[in-house]
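Have a go at each task before you read the solution under it.

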Amino acid sequence: MRLALAVVSLLVLIGSGVVVYDQFQSRWQDDQKTYFTQALSLAKTSAERSALEGREPKLEQTIVSGFGDSRVDRCESCHIAVDDPRFDTAKEPLRTHPYSEAMGDVLKNGKWERRHKFTEFGCTACHDGQGRGLTAEDAHGEELSWPLPMAGYTLQADWKKDIALHLRGKEYIQANCARCHADKDFAGTPLVSKGRALFFKTGCFGCHRIEGLSSGTIGPDLSEVGKERKSDYLWGHIVDPRAYTSTSVMPQFKLTDDEREALVIFLKSRQGVNFGQSDVAAFHLQTTTEKPVPESAAAVESKLSAGLSSAARGEQLVEGYACLSCHKLGDHDGGISPDLSSEGLVRDQAWLVDHFRVPRSRVPDSNMPAFGLPDADYEDMTAYLLTRTSASAVKGAAETYKTLCARCHGEKGDGKGENAIYLDPAPRDLTRAEFMVSKPQARFVASIKDGVPGTSMPPWGKVLSDEQINGVLGYVYANIAHAQHRDLKPRKVPEVNPVAMSEASASRGETIFLQRCTGCHGRKADGRGPNSLDISPRPRNLRNGAFLQNTTDHRLFESISYGVEGTAMPSWIDYGLSQNDVGDIVNYIRSLNQTRATRPETSGGANGNTVSGGNSGR
Amino acid sequence: MSNEKSSIVKDLVNLPANVVRSVFRNPLPSSDRGRAATSFTNFFLHIQPVRVSRQALRPTYTMGLGLISFFLFVILTVTGILLMFYYVPSTTQAYDRMLDLRSSVAFGIILRNMHRWAAHAMVAVVFLHMCRVFLTGSYKPPREFNWLVGVALFILTLFSSFTGYLLPWDQLAFWAITVGTSIAGYAPLVGHALRFMLLGDATVGQEALLRFYVLHVVVLPVVLTLFVAIHFWRIRKDGGLARPESVIQAPAKVPVSVEIAEQPVSAMPMGGTVVVAAPTRRFTIQGLVRGPLVKVGKLEEDTVFSWPNLLIAELFVLLLTVAGVMAVSYFFNAPLEQPVNVMHPPNPAKAPWYFLGLQEQVSYSAFWGGVGVPAIELLLLMLVPYIDRSKVGVGRWFARERVWANVLFLTFVIINVILIIIGTFFRGANWQFVSPF
Amino acid sequence: MCIVRDGDKLAAISTTCTHLGCIVAPSATGFACPCHGSQFDVDGNVTSGPAPKPLAWYQVSITPNGELEIDKDNEIQIGTYLSV
């Protein structure tokens, strides 16, 4: 036991020694000693020499309190030569910090005078990183839990490699410049300005709110996103939103890497602080109830030539605004939203104006935001779109399908077209043979010719002749559904609801609905029941007023009583519902769609079943 | 005159020796009597018996687990007090202080690491100590009350660790405590009030931080110290560590009056030999006390003097514990995650590892998993020495007479360990099963 | 807190999961809790997972100067909307 005691005592002694030694030997002392040696060789006067000879490594720190919370920056403990102009070609960490006129530095009598002095600004106010760290790993913010790694320099270990390689570069520092230099087109932050312009040009402003700039409500508020998220998240989310938020409806915009970089820098500069702004101004900004007019409105309008007709003005507006970052028109194709080339044949003026003002007034589950642009612009853009009547000369049925249908329904007809993930209800999967043969041909002809109101399926009646429509249908049957259409036995379903509409009937219908239907259709009958994500096609949103108005009682009865082949909708008469029950349910569904206003009053308001919040605080 | 002067000089010359002798009244012992005297004339050492069973000293018997727990507590107290000089229990300052400890404070990293790893170790070692005590049947009468004190100490240790867990005020801390206090909220009748009392608010915030801080640095250490003191006292009163009764004594016939003559003793040579004639003393029996027999004049054969054997063993365990904690703290950093963000719970949000078994249970049933089953387990634990009263199998590991008790206990232990393992490695986002490989 | 609007009716639903207190996130079918996978529908009713109770609805009212006031100490029945 005594031997064991001796051994363990020795261990403790050695261990303590190691700990103590470790504490007092650091890299920064070595760096400073190197500096002293090198500076000694460059010394010109004996006074300088003797000062350097006697100099011992000392912790260098600057305490800065002008930028939010008081911060202590110890970067100069390693970067000791940062203000010594003789070291501009030395190896890091002993290199001089560059001077430049862009940063406001002034060359006086051959000597540079720094505008942003380290004693006033410290280092992390511009470069980020962890000021109090005394090892490179700590100070540069390499540790995964540190929220502010050095901008454009430190790549944290858990960043995806293909994203990380874009995130190096001095330009990322501009995001921090913008925290003081927040003016719109500040010369020193060109990428912030570019990112800001892209924020409007790409259409981000429609869904996202940034204080003072935009008031979108569909996506999260980005006013402080630069503080909340790191650059890799911002970049990655722009590239593929669903990789980070699986249920996101954010489009995957077609952007070049340069554009993404500018956007990331702009977003990183949104930190909810503006050190160049007075407290009073900040307070006004925070408490104003006025919605900011999107910058692009003024910017775009200022570029318009004078004396244009409404349609010509509309053309320039469509090109100037963000429309084409989603839609297709002419040479531009965002790849996200429908093709507008034949919009004049497909929609009328009332529809277009309403859709501009509040897209959900016409397509209740549309993911197009209400952009809040001036009404006059909407009128002009409508006038322009009405002139888009050039459906490309389509020849055969196959080509018709490929040009007009495939964008949504997919080249294979499986409902997985380019636009499909952004559309609600999703485009029909035409490969479902059971569905395709269960409905009369007339119904499909009507869907194509007159469109399906309340959805994104447009009326092609003015684009395609009846013959062409039949041709496309034949093509779909033969090549996509691989089914033969056959005559159907007519089912015994009333044409009109035999149960009269009454409050009692609707109330009974509600009871049955709550017992049977909410699993898929949801408690609110909006198609968002707990099972809804597991079935394809998704359950119908029964609050889609435009759709319901266009749906006959006969069709509702048929769907409920006999189910819908090729979908998860069961045949409810097999589960014991009587015709009266179905009648009550139909009355309930109708009652849900009577009190909703379908025409909005102002361009900013959004009616309907929108759940907004999530980030609006607890 | 010259007499006084020479006596003053003599006093000055003898000053160092006199100082030492006044502090250490008993010199370093060189005889058995001296060794005995050292044990009971020293303030710190008299908690220990004069002689201690050799069996109790055997490392394979106890593995020193109780001692390790105690020394970990000492390490925690010392490092804790040092940390208290730097830490501020404010939601706006706490995290920054943690960062400062890591980067700015001399020895800050090692200090914090030692505190953290010693805390985790203490929970584990206390648990292992409890297992050792059970599996050697050392809870049996007359040690039932000490077993209860031990269970209380276990709960206090868990609670100490839990209150300390919140103090860094990072994401890990915040959500672990959110989950932990919500489990507490499931207790019947008192759950809501209990949770409110812990948090001082509806949610974890500044109030909770302050309360947990006070509990962690004042209330719990004081209560723990008290219970530890009772625990040690009880060990002595119960006759030392439990060991098999190898010797059955016949009751000794004791005369009514006993005369003990003391032998003359020589004091330690420090300026000559002094012979003191000890007076003769008479002792009268006051009464007979029930309890373990104190054997007068007849010693168990397998005991040794506490000084120096027990001391050396304790010192060894102390230094081993310190060495272990120091080594782990040197190589592994205590975690510090992102600062608290109430809008972004991590997915999954996990309680500290010793509560993960509980959290796993809670994911099946909030009440039964979080309150019901643990309460039943705790109750059974406390009742064990009152249910199992037979005195067989005490002091031996896995005694065959006690096989069922051991099997039952080990079953519970293994189930809990498995639950903790599942909760730690096999649960991912949304508490779904994931493979850790 | 989640402000819900159904036409001209308003409600405020708590986003604190009733299981162990994590913050639920809006999901396609209502709300989902990232901690133990509790799922709620758009009204806050539990559809799956270990949460024992539905999400709390709080009293909402309109102040005289047109602001929405939510009283977190006052829980109301699920489905009670404020008409504006």
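**Exercise 1. Work out how accessible the two partners of the Asp257(A)–Arg260(A) salt bridge are, and where they sit.**

Step 1. Start with Asp257(A): its relative accessible area is 35%, so this residue is partly exposed. The cut-offs are under 20% relative accessible area for buried, over 50% for exposed, and partly exposed in between, with a 1.4 Å probe and protein chains only.

Step 2. Arg260(A) comes out at 16% relative accessibility and therefore counts as buried.

Step 3. Now the pairing: the N to O distance is 3.1 Å. That passes the salt-bridge rule, which wants a side-chain nitrogen of Lys or Arg within 4 Å of a carboxyl oxygen of Asp or Glu.

Step 4. Both Asp257(A) and Arg260(A) belong to helix H14 (residues 257-268) of chain A, and they are 3 residues apart, about one turn of the helix. Helices here are DSSP runs of H or I with at least four residues, strands are E runs of at least two, and both are numbered from the N terminus. An α-helix has 3.6 residues a turn, so residues three or four places apart point the same way.

A word on the ground rules: this is a predicted model, where local features need pLDDT of at least 70, side-chain atom pairs count only at pLDDT 80 or more, and totals for chains, interfaces and linings use all residues. Residues are numbered from 1 along each chain as its sequence is written, chains are lettered from A and ligands numbered from 1 in the order in which they are written, and side-chain values use heavy atoms, with hydrogens and water left out.

**Exercise 2. Find out which parts of the model the salt bridges of Asp584(A) and Asp100(B) tie together.**

Step 1. Asp584(A) pairs with Arg508(A) at 2.9 Å, N to O. This pair links distant parts of the chain, 76 residues apart: Asp584(A) is in helix H29 (residues 579-592) and Arg508(A) in helix H25 (residues 503-516), both of chain A.

Step 2. Check the burial. Asp584(A) has 3% relative accessibility and counts as buried, while Arg508(A), at 45%, is partly exposed.

Step 3. Asp100(B) bonds to Arg132(A) in a salt bridge whose closest N and O atoms are 2.6 Å apart. Here the pair crosses between chains, from helix H7 (residues 94-103) of chain B to the loop between helix H5 (124-127) and helix H6 (136-139) of chain A.

Step 4. Asp100(B) is partly exposed at 23%, and Arg132(A) is buried at 11%. Over all chains, the count of salt bridges comes to 35.

**Exercise 3. Decide where the buried residues of helix H17 (residues 310-320) of chain A point.**

Step 1. List them: Gly314(A), Leu317(A) and Val318(A) are buried.

Step 2. Look down the axis of H17(A): the buried residues fall within an arc of 100°, so they line one face of the helix. The arc is that of the directions from the helix axis to the C-beta atoms.

**Exercise 4. Describe the largest nonpolar core.**

Step 1. It has 101 residues, and those with the most contacts inside it are Trp147(B), Leu166(B), Ile177(B), Val204(B) and Phe409(B). A nonpolar core is a set of buried Ala, Val, Leu, Ile, Met, Phe, Trp, Tyr and Cys residues joined through side-chain atoms within 4.5 Å.

Step 2. Helix H8 (residues 108-135) of chain B gives the most to this core, with 14 residues.

Step 3. Leaving out residues up to four places away in sequence, Trp147(B) touches several residues, including Met130(B), Phe134(B) and Leu381(B). Contact means heavy atoms within 4.5 Å.

Step 4. Another core lies apart from this one, with 53 residues, among them Ala151(A) and Leu373(A).

**Exercise 5. Say how far you'd trust chain A.**

Step 1. Its pLDDT (the predictor's confidence in each residue, from 0 to 100) averages 87, and 95% of the residues score at least 70.

Step 2. Confidence is lowest in helix H16 (residues 295-303), at a mean of 70, and highest in H14(A), at 96.

Step 3. Over residues 596-618 of chain A the pLDDT is below 50, and this stretch has 49 contacts in the model beyond near neighbours in sequence.
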